[in-house]
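Hello,

Here is the structure we talked about handing over. Please open it first, then read the notes below it.

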Amino acid sequence: MKAAVYVVEQGGGWQARISLNLAVDESWWAGEAEGLVGWEGRWVDGENEAAERKGRLADRKFQQEYRVVLLSRSLPLGWAVKLAAVCKFTAPMQRWKETDWGRYAAALLKAEIKAEQAAGGSRGEGGPFEEAKVYRLPEDRGWSGYGVEGAWGNEQADGQGNVRENWQENEQVGVQASTRTKLRRNEQESLRRREMAVLAAGADRLVAALDGRSLLQGEAEALVAEQLPELGENWRAAAQLAYLQGRLRLTAAVQGPAGTARLGLRRREVPRCLRCGSVPTGRTACAACGLAGCAYCEACLALGRSRACALLLRSAPLPAVRCTAGVSPTVAARRWGLSAAQAAAAAAALGFLAEPRRRSAGPDPERFLLWAVTGAGKTEMVFPLLDAALAAGGRALIATPRRDVVLELAPRLAKAFPADVPAVLYGGSEDRLRRSRITLATTHQLLRFGQAFDLVIIDEIDAFPYHNDPMLDYAARQVCKPGGRFILLSATPPAKLQRLARSGRLAHARVPVRFHGHPLPVPRHIRMQPLYRCLRQGRLPAGLRSSLQRSLDRKAQIFLFVSRIAHIEGLLQLLRRMFPGISIEGTSSQDPDRAEKVLKFRDCTISLLVTTTILERGVTVPHSDVFILDADSGLFDEAALVQMAGRAGRSKDDPAGNVIFASAEWSRSQRAAISQIRSMNAIARRQGYLKS
């Protein structure tokens, strides 16, 4: 899209602004918003009007005497945003003529103009600013191009800058468009002030609907159509007024320079996608802005095209609320039914939330790591944290990398917080525009929020796709309010976070025991040749076969993990020959019946399930044993092995379970996984949490 860009001088001070509707800006700077908004942006209601009247009248002359330099009525949005951001004002500018302003604006956008010419565009040096014009107000009223009468909604100007008569009544918005040339000036101003009052009410509703969101224009229009249909085509005018009030930020989705990138041995400033933080790699001719090389981001293309001329709307951030002092472990255990280990960790996290922000923390949110073993009951431990944030008047987010975990957590959260049923967000969710004080979302959905939450809880920080994805990490940091807090949940934190926790540089709490108080099953090793050789020979080693038989004899549900999808079918045929009469199935990410098979496995209709790491986490099946074939595969790191082993022993009726690592080599990842499991058991025993 395109936007106007101008600078305004009032009382000796200069400001640069972009505009989606110049008529709104004209009324704003002319003081026709008087009685609605104070000079510092204070809203004045009817009860305070008498008290404020004297001061406002005294300021009226000051508010109406101003100067505007309209640099361009129609500039590609990305150019307009950059121009408004980089303008620097000096004393000699008071004497500048229109040609001086045009040259200055062209100089500020020299890189953009050069890139456009290289892409085959026709914009020449200074061409976009040949129309720059200086207006001295109030003598030169009508700088918006709509004449003194103003224009709202669908009203348009003809080639001479006159308003085309277009009567359109809107009962909800109250914005009427007409030339009104026969009205006297005072009647015109009175009518425009009434229009501004109605528009201000629309801006209130728009800001409330966009609170905490980061939406492209198309997404914003969908929100308006669904929640604010009364605004109709006038939503841009309402957005412009909210922008002038400082309550809404209007920017280009791809903007630069906003960071640096390494190019060979040099580093230079590059544009960034403000939605996902990535460097845009694509450029294309764009009908919306007229550029031959409009940059767009390919990293978040699945969520809608983020372009240099795409309007991105964000509400102005508010500081985060601060939670009250943390509760004791006894109180947390009694209120939420937590075990002693769970309660101690929750109390430590609550204490972290109540602490004042450290000055050395920097711009990023402060973080707390909740390091809890698989099956420890992390969900129940975050209930006190959510309760504390809501009690302080804040908003909370729980984000997890996978959709199935979101769907599993949703009913549990709704039951725990019936007064604040969470908004559940994932691809295709019906809750995409619903507001709630609790939001439960997949991590990709965070790209549609901006500084919205006082408390952000990221589950499974070591899981795909969140782990090692800079885009999702950027999105997670962007959703937290200034001064907000991060709670990171993991059974297997990345090595960097483990080092920070052990060195005392990352606040954390460990939960080394499961809710039932029994130790984690320690894996045993069985030597076997690589699986592909076993399949080629048509047999499995005797030790593995006898271990599988013992699990079947005790009626255990067997997870059998393999490293490659290609091995599943051959292994199924071999197992079915070895164990006739046993229900054996296989599944993977490519299996369309995966959900149905997992359900049958939970219901014990299937006894043995051959699977890849898609079931390494988030699946709880009572009375389970775990077998990992080719455990020395490079595809199975320490975290994956710990997570897969964690499928066993989760039930209080069968807390031991069996875990088998089967491989030709005794790899470093296997040794580290067993060491981590034994270490957690030792800590739990030392702290008195184990029952046996």
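Asp 654 is buried, because its relative accessibility is 11%, under the 20% cut-off. Keep in mind that this is a predicted model.

Where does Asp 654 lie? It is in the loop between α19 (638–645) and β25 (659–663). Its side chain makes a polar contact with the side chain of His 623, at 3.3 Å. Beyond its neighbours within four places in sequence, Asp 654 touches Arg 554, His 623, Ser 624 and Gly 649.

Next, strand β25. Ile 660 is found there. Ile 660 counts as buried, because its relative accessibility is 1%. Setting aside neighbours within four places in sequence, its contacts are Arg 524, Ile 526, Val 626, Phe 627 and Ile 628. How far apart in space are Ile 660 and Ser 547? Their C-alpha atoms are 8.5 Å apart, although 113 residues separate the two in sequence.

Last, helix α8, which covers residues 235–245. Of its 11 residues, 10 are buried, so the rest of the structure largely encloses this helix. Which residues of α8 are buried? They are Trp 235, Ala 237, Ala 238, Ala 239, Gln 240, Leu 241, Ala 242, Tyr 243, Leu 244 and Gln 245. After α8 comes Gly 246. The phi of Gly 246 is positive, near 85°.

Best wishes

Note on methods: Residues are numbered from 1 along each chain as its sequence is written. This is a predicted model: local features need pLDDT of at least 70, side-chain atom pairs count only at pLDDT 80 or more; totals for chains, interfaces and linings use all residues. Side-chain values use heavy atoms; hydrogens and water are left out. Helices (H or I, at least four residues) and strands (E, at least two) are DSSP runs, numbered from the N terminus. Buried means under 20% relative accessible area, exposed over 50%, partly exposed in between (1.4 Å probe, protein chains only). A polar contact is a pair of N or O atoms within 3.5 Å; within protein, one must be able to donate a hydrogen and the other to accept it, and residues adjacent in sequence count only if both atoms are side-chain atoms. Contact means heavy atoms within 4.5 Å.
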